[in-house]
Each structure stands twice: as C-alpha cells, then as structure tokens.
Amino acid sequence: MSESTIYDMVIVGGGPAGMTAGIYAARAGLKAVILEENITGGLVNSTYTVENFPSYPTIHGMDLMKKMRAHVDSLEVEVEEVCEIENMSLEGDMKSVETDEGTFKAKTVIICTGRKPIPLDVPTECDQVHHCAICDGGPYKSKRVLVVGGGNSAFDESLYMITLGIEHITLVEIMDRFFAAQGTQDQLLGTGKVDARSETKVVDLVVENDELKAAVLENVATNQQETVPVDGAFVFLGQNPNNELFAEKIKLSKNGYIITDEHMATSIPGVFSAGDINDKAYRQITTAMSDGTIAALAAERYIRT
C-alpha cells in the first residue's frame, strides 16, 4: 500500500462475511482491501466439521475457509493479515482505518469484525488457556485437559481432542445440565475418557514455573472445592461482539451488536456491516455470506450514486 492509495472499500474483518464482500466488490470492479487482525477465516477456522454448508455435506472449517480465500485471491483482492487496527475514522465522505501497517482510506467501510470468545474469569492467568482445540490442541497429546462449557462447541471440540490422543478430559458446566446435542453428548461420554460435571465452576488455576498444573473446581450446589490435575484448559463459554473499535461511533443494540437496515447500512452514511457483528437472530456461515453480499452491493450503489 502506498500513502496515496485510495480504495473504494475497506473491509474490516476477513471471515466469511468479509471475504464474500471482497468477492462481490472485485466482481463490481471496485478497489477493495480486506484487513484481518489474525488470518482470514475467522471463527470458522476453529470449527472441526461444517455439515450445513450447501455443496459440501461435510468439510473441515479451515479447509472451507482456504477455498473461500483462494476465491478471493483469484480475483486479486488485496488482503492484509495479522494487521492490528488502531483507530477508525468513519464520518465524512472519505473514511480512514489506521493500522500498524499504515492508514487505509476509502469511500466506504464494511465492518465484519464478528465476535470473540468470552474469557475464563479466574484470578490466575497462564499461557495454557485456549479457545480453539484445532488451533492449540496438538501439544496436549497424551496429556490431561480441562474443558469449560457444556454446549455444542465444548462437546464437539472435546471429541476432536480425543482424536488427537489426549489422555483425559475434565469437562465442567456451571448450569445443572449440559446443552450440547444429546447425540454428541452420548458420543463423547462413550469414549470413557471424559469426566463431565454439571453445577461446577472453575475458581482458579494452579500454575508453577509458568506451566499449568491443576484447576480448582467448585460445586455450586454444595460449595465443595476440588483440585484436579490438568496440563491445559480450553474455554468455550460463548462469544461477545468484537466492537471496541467503534462502540462509541456506531449505533449498537443493548447487547453491543451493530444495528443495520435491510441494506446492511449502519447509522453512519457509507459505513456498512455484515456477519456476526450484526444484531440479528441467526449467526451461521451462510447468513454471514448473505450479509456480506448485501453490504458489498449496497456499498457499490452508495459509491456510484
């Protein structure tokens, strides 16, 4: 990027919504750039198996995102990965997005920042706390791990870790039951390698010489505490909207998601949003792609009129 480069569209976020917007922008002959703080693909990269994406009855999430990225690259859409966004100026005819790689200016901005995992709320921090088994599970082969959460993500990722050869999983859920699909629960518990506990929360981690050694658990019904040995912790407590960069600039819902109209237009002219960051009922790969499509087409119309 040169200092003088002006884009038609800056797309903030490289998940399914952002990459779809990039594809439509390129097809419309617009000069677009995708800015992604990690690698393109978003949370789908951490999905073990996608089984509801039309044309692929079953596909690994990271493989699906590689195919989507290849499509983006085939259209020569500029992509900046591992790009830390420091500020966004969204008012006026020319928007700007300041990053550690420079400032990107454009006539329109599409925000596709999605959501980020809810962290584990304990007083002790360590490097062995993760939010993605596919990304970080490999080093724990033949070791013991803690899984926090009782929904589909916790059970699906635990099943994946079993395939990696993880020796034992202690799975805890603070509510009085698990919320994952019953079939998935049966499959995981049938491995014989999982100690699944409801009405249980993590109150602290035991760290020695910068390495996780154990987790302190508490039964919320009896207040009885127990320390269990673990080498790593994987936290699946849901996600929050990733809105820090624009929370004071764009109209948000009470839960922190961007409010848009049917064209994915936000409260600021020339600024659109798409994907999981939007206030909506259903968050799926396909709905994110739909949002990205609409946002790009609406942004194109905004530029040309």
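Buried means under 20% relative accessible area, exposed means over 50%, and partly exposed lies in between, with a 1.4 Å probe and protein chains only. Helices (H or I, at least four residues) and strands (E, at least two) are DSSP runs, numbered from the N terminus. This is a predicted model, in which local features need pLDDT of at least 70 and side-chain atom pairs count only at pLDDT 80 or more, while totals for chains, interfaces and linings use all residues. Residues are numbered from 1 along each chain as its sequence is written, and side-chain values use heavy atoms, with hydrogens and water left out.

Helix α2 is the place to begin. The buried residues of α2 are G61, L64, M65, M68, R69 and V72. Seen down the axis of α2, they fall within an arc of 135°, so they line one face of the helix; the arc is that of the directions from the helix axis to the C-beta atoms. K66 and S74 are exposed on the other side of α2. The cover over the buried residues of α2 includes α1, β2, β3 (78-80) and α6, where contact means heavy atoms within 4.5 Å. The expected span of a helix is 1.5 Å times one less than its number of residues. For the 14 residues of α2 this gives 20 Å, and the end C-alpha atoms are 20 Å apart, which agrees. After α2 comes E76, whose phi is positive, near 60°.

Helix α1 is one of the elements covering α2. With twelve residues, α1 reaches 17 Å from its first C-alpha to its last, close to the expected 16 Å. Nine of the twelve residues of α1 are buried, so the helix is largely enclosed by the rest of the structure. These buried residues are P16, A17, G18, M19, T20, A21, G22, I23 and A25. They pack against β1 (6-12), β2 (32-35), α2 (61-74), β6 (102-111) and α6. G29 follows α1 and has a positive phi, near 80°.

Two packed helices are described by the angle between their axes and the distance between the axes. The axes of α1 (residues 16-27) and α6 (residues 285-304) come within 7 Å and cross at roughly 35°. Here axes are lines fitted to C-alpha atoms, for helices over the stretch in contact, and angles run from 0 to 180 degrees between N-to-C directions. The contact is made by P16, A17, T20, A21, Y24 and A25 of α1, and by I285, A288, M289, G292, T293, A296 and L297 of α6. These residues divide into ten nonpolar, three polar and no charged. Ala, Val, Leu, Ile, Met, Phe, Trp, Tyr, Cys and Pro count as nonpolar, Asp, Glu, Lys and Arg as charged, and the others, Gly among them, as polar.

Helix α5 (residues 182-189) has T184, Q185 and L188 as its buried residues. They cover an arc of only 100° around the axis, which puts them on the same side of α5. Their cover includes α4 (152-163), β10 (168-172) and β11 (194-197).

S96 sits in strand β5 (residues 95-99) and counts as buried at 12% relative accessibility. Not counting residues up to four places away in sequence, S96 touches N87, M88, S89, T103, F104 and K105. T200 belongs to strand β12 and is buried, with a relative accessible area of 6%. Leaving aside neighbours within four places in sequence, T200 is in contact with V172, E173, I174, L217, E218, N219 and V220.

The loops supply the last examples. N209 is in the loop between β12 (200-208) and β13 (211-219). Its phi is near 50°, a positive value in a residue other than glycine, and N209 is exposed, with a relative accessible area of 75%. N223 lies in the loop between β13 and β14 (225-229). The phi of N223 is near 65°, also positive in a residue other than glycine, and N223 is exposed at 54%. S142, in the loop between α3 (133-136) and β9 (144-148), is partly exposed, with a relative accessible area of 48%. Leaving aside neighbours within four places in sequence, S142 is in contact with G165, I166 and E167.
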